[in-house]
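Have a look at the chains before reading on.

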Amino acid sequence: MSTHAHVPAPAAPPAPAPPRLAHHRGEESWSRGDKIGVALAWAAGILLCVLAAAIVLYMLFRGIQYLSVSLLATHPLPSLDQTKSGGFLDPIEGTVILTILGTAIAAPIGVGIAVWLSEYARPSWLARAVESGVEIVAGTPSIVLAIFGLLVFQQSVFGFLSFTAEGNAVFGRSFFTAGAMMALIALPLIVGSTREALHSIPSHVREASYALGKDRISTIRRVLLPASRRGIGTGVTLGMGRIVGDTAIVVILLGASQQIQPENGTPVWGLLKGTGSTLTTYVYNNSPAGEGGAPQKAYAAAFVLLVIVIFLNFAVDLIARRKEPTWTR
Amino acid sequence: MDPLSPAEEEGFDPIREPIAVAAQLPPPVRRIAVEEPPTVAQPPADGNGHVVPAPVAALPKRMPRADTAPLERMRTEALSIAYGQKLAVNQVSLTVRRGEVLALIGPSGCGKTTLLRSLNRLVDLTPAASRGGRILLDGEDVDLFDVTHLRRRVGMLFQQPNPFPMSIFDNVAYGLRQRGSKKPSKRELEPVVVHSLQRAGLFEEVKDNLDHPALALSGGQQQRLCIARSLAVQPEVLLLDEPCSALDPISTQVIEETIVSLRSEIAIVIVTHNLQQAQRVADHVAFMYLGDLIEYGEAERVFGSPVAERTREYVSGGFG
């Protein structure tokens, strides 16, 4: 056989693509019922977009109209004269403090529960009980949690968490007690999101760690939690959104004092033992429904609240959508 | 050996058309034939328009044997494993030696992966699993070992590459960083990490990117990283559970070469569905069927003149 025979045949040129079908408007052949269904689906989608845009634009219009730097930077003052009743610096600070506190309590507990449910879950009756517990907390209206919290935190054992009046009557209302209950409304979101992330890690990854002589704790700490950080981040951010938006717990457990009223003593501890308000209660109190009767300030504060929540939602999207390489199952 | 199939030769006149054809040729393509070793198809013409024969990169049918004398490391004695009521491995006794590769072959569900996973007691993680018989490492029952200690001596590689979500360096150093003890510094770890990556044949590709995330590597690189990660803790036995089934042929070849180069120091057990792979790398072969060890012996004998009827059918492609 000559050397020529060793020449590889050229790869066959790709067959010419079949002619593209003329753009086909399939709707023409659809039944009337299908057409109506599609139209309704379209309408529902568009309506939702319009509604969202209307909320944002209306609040933007109203908010920008009344918002000023001085509102953001001055303390609220008890005055019927709206030119002298100050801004909402304290509610903004209250929102931030309460969100940080609630998240700081909820995140480690929530991640811990999720890890236990996903990696241990023994005995199984306890795991089922914990799962039900998380679901019940998730389904409980926050006002019920708030009332329950007040009941608990007014016990004298918890006197170190809030003001104590003369005669040892525990006030039960403070950033601590409100933060603890806020942690409960964020908890189910963190547990759910973290569990989902842990669940998506293939079991052979765990086994690979065990096969290197690592125990369960090291595997969780060094492999599983780092691999779940996106899920944890999503859950925590969603939880923050819930805390920022909640009103009932603030009204009942934060004392709803316009200004932040720290307890005298140690700076940070005293602040957290003190009372205050958040943007949600500020909006409520100044809205036509509340007692303040300063709707302009309510609109401005509501706008700030909306901006915070939209920002948090955006952050969730950013965390959840980021593509990271992962394993094959 | 002629790398061309008759079909490809049809319709091509090597005398008349070479130059015109060469101009339109696609880049070199590795073509895979089932019964033939992989060959690389080259553009046929050199710069002067002369036709040059395509080189044939033939892979030896059998990779060369290790030159050290085989030494027994592990042994199973009448090993049985059941999941609940279902017996997955039935009374299997075999020997794992340093200096050779033992391949476990057999149809799906025959118990070969269960047998493999029992050697480092990974089966213990399955709640329903129970075990009878004995597994010995250097004459000692593995049940007497601390399980983390056992798994450091008996490493494992999985079907899917599974680097941890950390840097390449940290992946290899993962097994070296013991919990509780004083943490070794990066400077102390570096020689071991580099040496392990070199042995796994990956170092040249990643030496400038040791701090890059390991999950960004390609599948074949990931699997070699997993080999390096296992080697870093200096195992005496290495268990491979279909390590190439998720990889492309080139990565497979690199990994097979790595396996063969390691066997003089480490006893290797490989589970594979790929009979050609078993022929290429194995020194001993154990054929299992429905939990029973049907045939165990030297690779040439099991593939060349199997004793049992089942083995003959399986190695000749009769079932599987």
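## A cis proline in chain A

In this predicted model, Pro123(A) sits in the loop that runs between helix H3 (89–120) and helix H4 (124–139) of chain A. The peptide bond linking Arg122(A) to Pro123(A) is cis, with omega at about -5 degrees. That's worth a glance, because most peptide bonds are trans.

## Chain A as a whole

As for overall shape, chain A has a radius of gyration of 28 Å, whereas a compact globule of 329 residues would come out near 20 Å. The C-alpha trace of chain A spans about 110 × 60 × 40 Å along its principal axes. Of the 329 residues in chain A, 41% are buried. Counting contacts in chain A with a separation of 6 or more, 69% are between residues 24 or more positions apart. The accessible surface of the chain is about 18100 Å², and carbon and sulfur atoms supply 67% of that.

## Strand S10 of chain B

Over in chain B, is strand S10 (residues 267–271) buried or exposed? Five of its five residues are buried, so the rest of the structure largely encloses this strand. In a regular strand, side chains alternate between the two faces of the sheet. Here both faces of S10(B) are covered: Ala267(B), Val269(B) and Val271(B) are buried on one side, and Ile268(B) and Ile270(B) are buried on the other.

Which strands pair with S10(B)? One is strand S5 (residues 101–105) of chain B, running parallel to S10(B) and joined to it by four bridges; in this pairing Leu104(B) stands opposite Val271(B). Another is strand S9 (residues 237–241) of chain B, also parallel to S10(B), with five bridges between the two. There, Leu239(B) is the residue opposite Val269(B). S9(B) and S10(B) also belong to a right-handed β-α-β unit, with helix H9 (residues 249–262) of chain B as its helix.

## Positive phi in chain B

Arg121(B) is not a glycine, yet its phi is positive, near 60 degrees. This arginine lies in the loop between helix H3 (112–119) and strand S6 (129–137) of chain B, and Arg121(B) is buried because its relative accessible area is 13%, under the 20% cut-off.

Asp138(B) has a positive phi too, at about 50 degrees. Asp138(B) is found in the loop between S6 and strand S7 (140–141) of chain B. With a relative accessible area of 37%, Asp138(B) counts as partly exposed.

The model scores ipTM 0.77 and pTM 0.79. Chain B has an average pLDDT of 83, and 78% of its residues score at least 70.

Notes: Residues numbered from 1 in each chain as written. Chains lettered and ligands numbered in written order. Predicted model: local features only at pLDDT ≥ 70, side-chain atom pairs only at ≥ 80, totals over all residues. Heavy atoms only, no water. Buried < 20%, exposed > 50% of the residue type's maximum accessible area, 1.4 Å probe, protein only. Pairing = 2+ DSSP bridges. Right-handed = clockwise from strand over helix to strand, strands pointing away. pLDDT = per-residue confidence, 0-100. Rg over C-alpha atoms; globule rule 2.2 N^0.38 Å. Contact = heavy atoms within 4.5 Å. Areas by Shrake-Rupley, 256 points an atom, 1.4 Å probe, with all protein chains shown as cover.
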